[in-house]
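Work through the exercises below with the model open. Try each task before reading its solution.

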Amino acid sequence: MPTVPLVPTLRRRRLGEALRRFRNETGLTIEQAAALMGWDNSKLSRIENARIHIRPVEAAKLLGVYGVDAPDVLMAIEALARDAGKRGWWTTYGSVVDAHIKDYLSLESDAESTRVCSMNLIPGLLQTGGYAREFIAASSFWRPQEEVNALVEVRKARQSVLTARDGRPPLNFWAVIHESVLHQRFVSQPSLMREQLRHLLDMAALPNITIQLMPMAMTPHPGMISLFEVVRFPAPWPTVVLTENLMGGQFVEGTEHVGIFEKAFERIVAAALPVDDSREIIKTIMQKD
């Protein structure tokens with residue numbers, strides 16, 4: 001039987017990129033680093049390009065060669081080496097879940113915090129099942145019903161990061177939502193938004209969740225341009241930004257570009273209503289429904 005090529009996962013790519021960065025910082029070539037490890041040159045190249053696994057003990061030894069001894073970095077690299085080959089729960093949905101969504105779910109499961117600016121809809125992590133179904137059916141209108149159902153299941157399943165993650169703290173989630181979104185009503189289910197608003201209030205009560213509203217009479221801000229999410233990780237992993245549109249999403253990486261989005265979110269937060277005021281507006285709108 002022919003050997004099946006190992007498909008790089010996002011975790012392996014991130015691990016390979018981190019190890020390449022540490023090697024470059026030492027000034028070592030692949031040949032020199034491989035020789036110090038007693039490896040064939042191609043092995044280190046394939047590790048950095050996410051073509052083969054590296055065991056946690058090997059990763060720790062390689063970091064020693066690179067002079068990296070910070071405990072938090074060692075723990076993070078070893079943990080990612082241990083988990084790099086794991087298949088996420090979303091892989092059971094096969095090709096129904098687009099590649100960029102699978103990558104994002106992998107990031108989200110490893111993240112420490114997420115900052116979301118959403119001017120047109122309730123963010124996915126805060127959606128009820130009914131709201132998610134309406135939105136997914138509308139935005140994936142070309143898909144058959146069974147695929148829409150599967151995507152709704154995925155949307156609900158991913159929300160577990162807000163409450164429990166295998167012993168790790170839940171995701172710290174901060175969302176800025178435009179007030180106009182709360183006034184939306186679905187023709188097919190006129191009362192659906194009342195349930196959604198009640199859910200927002202319940203989620204806002206959790207200590208790891210912050211919800212602010214952008215008022216109808218607002219100061220112009222960067223969030224008017226597009227929906228984006230700033231995803232942060234424990235050291236040494238760099239922050240990643242996801243921008244979304246009808247055809248999918250795009251990841252933004254690199255300190256300079258990511259920094260622009262982080263500053264943009266700060267401006268959006270400054271333009272939004274305080275948390276307590278936002279909660280009162282949600283209550284008022286829900287009571288009128």
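**Exercise 1. Aromatic residues**

Which residues form one aromatic cluster?

Solution. The model is predicted. Trp89, Trp90 and Tyr93 make up one aromatic cluster. Across the whole structure, a search finds six aromatic pairs. Trp89 and Trp90 are one of them, with ring centres 5.4 Å apart and 80 degrees between the planes. Planes over 60 degrees apart count as edge-to-face, and this pair is edge-to-face. Next, take accessibility. Trp89 has 35% relative accessibility, so Trp89 counts as partly exposed. Trp90 has 7%, so Trp90 counts as buried.

**Exercise 2. A second pair**

Classify the pair of Phe141 and Trp142 from the ring centres and planes.

Solution. Start with the distance: the centres lie 5.3 Å apart. Then take the planes, which stand at 90 degrees, so the pair is edge-to-face. Finally, check exposure. Phe141 has a relative accessible area of 59% and is therefore exposed. Trp142, at 49%, is partly exposed.

**Exercise 3. Helix H1**

Solution. Now list the buried residues. They are Leu10, Arg11, Arg12, Arg14, Leu15, Gly16, Ala18, Leu19, Phe22 and Arg23. After H1 comes Gly27, with a positive phi near 85 degrees.

**Exercise 4. H1 against H6**

How are H1 and H6 oriented to each other: roughly parallel or roughly perpendicular?

Solution. H1 covers residues 10–26 and H6 covers residues 99–110. The two pack at about 65 degrees, with axes 9 Å apart. Angles of 65 to 115 degrees count as roughly perpendicular, and H1 and H6 are therefore roughly perpendicular to each other. From H1, the contact uses Leu10, Arg11, Arg13 and Arg14. From H6, it uses Asp103, Ser106, Leu107, Ser109 and Asp110. Sort these by class: two nonpolar, two polar and five charged residues.

**Exercise 5. Two single residues**

Is Glu58 buried or exposed? What is the phi of Ala50?

Solution. Take Glu58, which sits in H4 (residues 56–65). Its relative accessible area is 12%, so Glu58 is buried. Leaving aside residues up to four places away in sequence, Glu58 touches Met37, Trp39 and Lys43.

Turn to Ala50, in the loop between H3 and H4. Most residues other than glycine have a negative phi. Ala50 has a positive phi, near 60 degrees. At 1% relative accessibility, Ala50 counts as buried.

Note on methods
Residues numbered from 1 in each chain as written. Predicted model: local features only at pLDDT ≥ 70, side-chain atom pairs only at ≥ 80, totals over all residues. Heavy atoms only, no water. Axes fitted to C-alpha atoms, helices over the stretch in contact; angles between N-to-C directions. Helix = DSSP H or I, 4+ residues; strand = E, 2+ residues; numbered from the N terminus. Parallel < 35°, antiparallel > 145°, perpendicular 65-115°, else oblique. Contact = heavy atoms within 4.5 Å. Nonpolar A, V, L, I, M, F, W, Y, C, P; charged D, E, K, R; others polar. Phe/Tyr/Trp six-rings, centres within 6.5 Å; stacked < 30°, edge-to-face > 60°. Buried < 20%, exposed > 50% of the residue type's maximum accessible area, 1.4 Å probe, protein only.
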